[in-house]
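Hi,

Here is the structure I promised to pass on. Have a look at it first, and my notes follow below.

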Amino acid sequence: MTLSAFLFQAINGLSTASGLFFIAAGLSLIFGVTRIVNIAHGSLYMLGTYIAYSLAMKIGGAVGFWGGIVLTALIVGAIGALIEVVLLRRIYRAPELFQLLATFALVLVINDATLWLWGPEDLLGPRAPGLAGAVEIFGRRLPSYDLFLIVIAPAALIVLHFALAKTRFGRLMRAATQDREMVGALGVNQAVLFTSVFALGAMLAGLGGALQVAREPANLATDLAVIGDAFVVVVVGGMGSISGAYLAAIIIAEVKALCIAIGVVDLGFMSVNFSKFTLVAEFIVMAIVLIARPYGLLGKPQGNVRSVAEPENPIRPATPMLKMLGAVILVLLLALPLMAQTSPYLLVLGTDVLIAVIFATSLHFIMGPGGMHSFGHAAYFGLGAYGAALLMKLAGLPMLAALLAAPLVALIGALLFGWFAVRLSGVYLAMLTLAFAQIVWALVFQWEGFTGGSNGVIGVWPAAPFDKSGAYFLLALACAVAAILLLRRFLFAPFGYAMRAGRDSPLRAEAIGIDVKRIHWLGFAIAGCVCGIAGGLFAFAKGSISPEAISVTRSIDGLVMVLLGGIQTLVGPVVGASVYAVLQDTVMRQTEYWRALLGVIILVLVLAFPQGIAGALSSLTRKLGRKSGGAA
Amino acid sequence: MSVLSVRSLSKTFGGVHAVNEVSFDIGKGEFLALIGPNGAGKSTTFNMINGQLAPDAGDILIGDKSICGLAPRDIWRLGVGRTFQVAATFGSMTVVENVQMALISHAGRILSLWRPAASLYRERALELLAQVGMADAADRPSRELAYGDVKRIELAIALANDPQLLLMDEPTAGMAPRERNDLIKLVKTLVIERGISVLFTEHSMDVVFSYADRIIVLARGRLIADGDAAAIRDNAKVREVYFGTGKTFQEASS
């Protein structure tokens with residue numbers, strides 16, 4: 001590699017940084033004031049590209065292109081305002097987790113709306129009128145539009161900076177970022193402030209997306225790809241800091257460019273292609289920054305926003321009725337292979353449900369009693385699945401041994417990632433876990449030689465006697481029952497109590513000699529380990545494992561299952577996972593727009609049933625019990 | 001020998017000397033009040049002793065062991081119990097479970113994964129609750145209790161590891177006068193029975209002058225008086241900080 005090639009990549013990196021900056025700046029502004037991490041910000045960016053494309057095509061010429069970009073920013077800003085007024089305003093006081101889920105639901109809805117409006121094809125916009133040419137730099141041709149992008153990001157940074165420093169609106173925003181309750185107490189209309197901040201943030205995302213129209217085709221996968229990058233940038237730069245967002249955008253883009261520039265390096269015993277590790281590199285940068293500076297390079301610790309989540313009831317051992325119910329269900333499940341003679345699909349569905357139950361129960365273990373809202377539980381599912389599949393394929397392990405190894409592989413991963421994750425809390429923990437899951441995903445996706453890349457590992461079939469779906473179902477059932485009972489036992493033991501103690505009041509827990517971080521770390525490891533069983537079972541049930549199966553969507557599925565069942569109850573994840581897995585297999589397969597459907601389900605859940613199914617049922621029975629008790 | 005010795009303790013926050021060369025001792029069984037106007041450095045001193053903050057200079061000894069740089073949980077293991085200014089209990093547990101957790105931790109069985117926690121040390125926990133007059137509420141969720149009762153639970157928790165020293169940060173903050181008096185009377189009785197030393201900060205002068213064996217006074221980060229109730233009442237400097245302007249004191253000290 002020559003120096004000029006290297007410098008060329010560095011300049012290329014700067015133009016990529018510009019798009020990242022716009023979306024990250026918007027995300028950061030919104031978080032600073034409203035304390036909502038808007039996962040749908042990538043979707044607004046994506047909408048920007050699509051709308052700018054349509055405007056440029058419909059109107060045409062320089063007016064259609066440049067005017068279209070400005071108009072797009074305004075339109076996306078208006079969409080942002082609409083979202084804030086219709087949805088977010090209702091959930092500012094909801095627990096963080098619900099806010100994250102609600103904005104994720106928006107991602108799904110917007111994605112399907114885009115699919116419906118523009119269709120599934122990639123749409124490449126026109127060249128930028130006036131900047132269609134290229135300039136020669138270091139012996140290579142760089143599009144002049146890229147140069148324009150390099151200049152516009154710092155220009156926007158300066159404008160934003162002065163707007164924040166000098167205008168009344170800017171001062172209010174900065175004040176609200178520091179202490180929004182005080183701003184409210186001073187008589188500022190918070191509703192208007194929040195709406196305008198959200199609109200401004202959305203506008204920036206729309207602008208960033210629109211500016212990409214001449215560079216990259218509009219694509220339906222942009223939303224999640226971009227939001228991942230934007231999270232990294234915002235976290236590295238520091239939540240709420242615009243300059244931090246710019247600095248971090250440059251660092252991330254340059255690290256990626258560097259990886260590409262380095263290319264293949266021969267290490268003697270093996271050659272490593274660094275250009276394949278751009279995704280991994282980005283998340284490693286984030287992990288390092290979070291560990292060294294938990295609030296980002298230019299961020300400040302955020303003041304606590306008082307949580308208004310209703311505290312949960314003390315846990316009680318299962319009532320005789322619950323035990324009876326469990327036994328009846330178990331007997332029914334044991335008889336399922338007999339009943340399934342006529343419809344073999346029932347067993348496939350049943351196995352899927354059991355895997356989902358293990359997955360959700362293990363996630364609930366750290367989310368509920370541990371209070372750690374992991375947005376990356378798919379990582380341990382993936383480690384288990386790939387661990388089992390690769391050990392069988394490459395190391396020639398027999399099926400049962402590979403299945404036993406799955407939780408161990410996941411345990412190692414969870415011990416490593418958990419050690420970092422428990423040092424953070426709240427949205428930062430959510431993002432770090434998400435980042436770790438993305439590292440795992442990127443590793444299996446980009447390391448083709450070992451993991452099979454996007455094709456995954458195939459031919460992972462169970463050995464006899466488990467090659468029959470009935471026997472495999474019973475194996476999954478045994479694993480699920482063992483996992484549920486074991487985790488339940490742990491929760492009633494001192495360890496589980498200590499986890500809850502650390503969640504309820506870290507101050508008090510430390511004051512009675514509990515090492516909260518250590519307890520939560522071990523809890524994280526146990527959850528990851530059990531989740532690995534689900535991964536292993538999944539690989540053998542499907543006969544293959546691919547990166548798609550361990551993407552961020554699986555992590556989110558897990559969150560929805562736990563919330564659907566009710567995070568504050570111990571049977572919640574079992575109920576939630578069963579209902580959700582059946583829904584997914586039946587209803588959602590019927591429609592092309594299943595994402596939007598899922599999004600709507602999540603929104604209904606968040607707005608109407610914050611306690612989940614099991615939670616709503618138990619509070620209902622308690623109410624009824626109280627009524628009849630009063631009458632008697 | 002003193003139970004706790006504080007030696008030339010100092011802490012600055014960005015140029016402000018929050019605590020400046022403060023030294024004092026607590027003898028066995030002593031009920032020592034730490035008072036002073038707002039911003040005097042009481043909380044900072046307190047948080048250094050309980051391990052929440054690391055001192056810039058000076059030393060803190062429990063017996064003859066320095067506890068500077070130890071985490072709160074390690075200090076607790078040395079026999080130091082604590083209650084908080086804003087009472088902190090585990091809201092998702094019952095009252096008795098709250099106390100059981102402290103007992104389980106004291107026995108070093110926190111990492112146990114098998115025996116149900118609710119069955120461990122229940123008798124002992126009930127005894128402790130009876131001592132603070134909360135046995136009837138044992139199986140209620142702790143988050144349902146009135147604030148004054150939560151403070152009593154905290155006291156039971158703090159007594160669980162048989163402490164030789166009890167740190168109480170404004171034990172009666174947020175309580176009605178009647179409750180306030182009852183709680184302090186209770187603490188005093190328990191302390192005398194068990195020979196525990198207590199260091200507490202307090203805003204209510206009624207409480208301080210009726211119950212404290214000895215009083216130390218902080219103002220602007222410095223220790224300005226140390227003595228029994230009568231001595232402190234007559235101390236000119238103390239009167240100055242409480243009744244005079246802050247300005248007068250600054251001139252007097254510089």
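Predicted model: local features only at pLDDT ≥ 70, side-chain atom pairs only at ≥ 80, totals over all residues.

Residues are numbered from 1 along each chain as its sequence is written, while chains are lettered from A and ligands numbered from 1 in the order in which they are written.

Back to chain B. Strand β1 (residues 4–13) pairs with β2(B) in the antiparallel sense, over 7 bridges; strands are DSSP E runs of at least two residues, helices are H or I runs of at least four, and both are numbered from the N terminus. Two strands count as paired if DSSP finds at least two bridges between them. These two belong to an open, antiparallel sheet of 4 strands, in the order β2-β1-β4-β5 (chain B). Its edges are β2 (16–26) and β5 (65–66) of chain B, each pairing on one side only.

Now chain A. It has 25 helices and 6 strands. Its radius of gyration (over C-alpha atoms) is 25 Å, close to the 26 Å from the globule rule (2.2 Å times the number of residues to the power 0.38) for 632 residues, so chain A is as compact as a globular protein of that length. Its C-alpha atoms fill a box of roughly 75 × 65 × 50 Å along the principal axes. Of the 632 residues, 54% are buried, meaning that 20 or more other C-beta atoms, placed from the backbone, lie within 10 Å of a residue's own.

What about the inside? The largest nonpolar core has 299 residues, and among those with the most contacts inside it are Val233(A), Ala24(A) and Ala156(B). Such a core is a set of buried Ala, Val, Leu, Ile, Met, Phe, Trp, Tyr and Cys residues joined through C-beta atoms within 7 Å. Helix α21 (residues 516–542) of chain A gives this core its largest share, 18 residues. Leaving aside neighbours within four places in sequence, Val233(A) is in contact with residues including Leu20(A), Ala24(A) and Ile252(A); contact means C-beta atoms, placed from the backbone, within 7 Å.

Finally, where the chains meet, 24 residues of chain A are in contact with 33 of chain B. On the chain A side, α19(A) gives the most, with 7 residues.

Cheers

Key
Buried ≥ 20, exposed ≤ 12 C-beta atoms within 10 Å, placed from the backbone. Contact = placed C-beta atoms within 7 Å.
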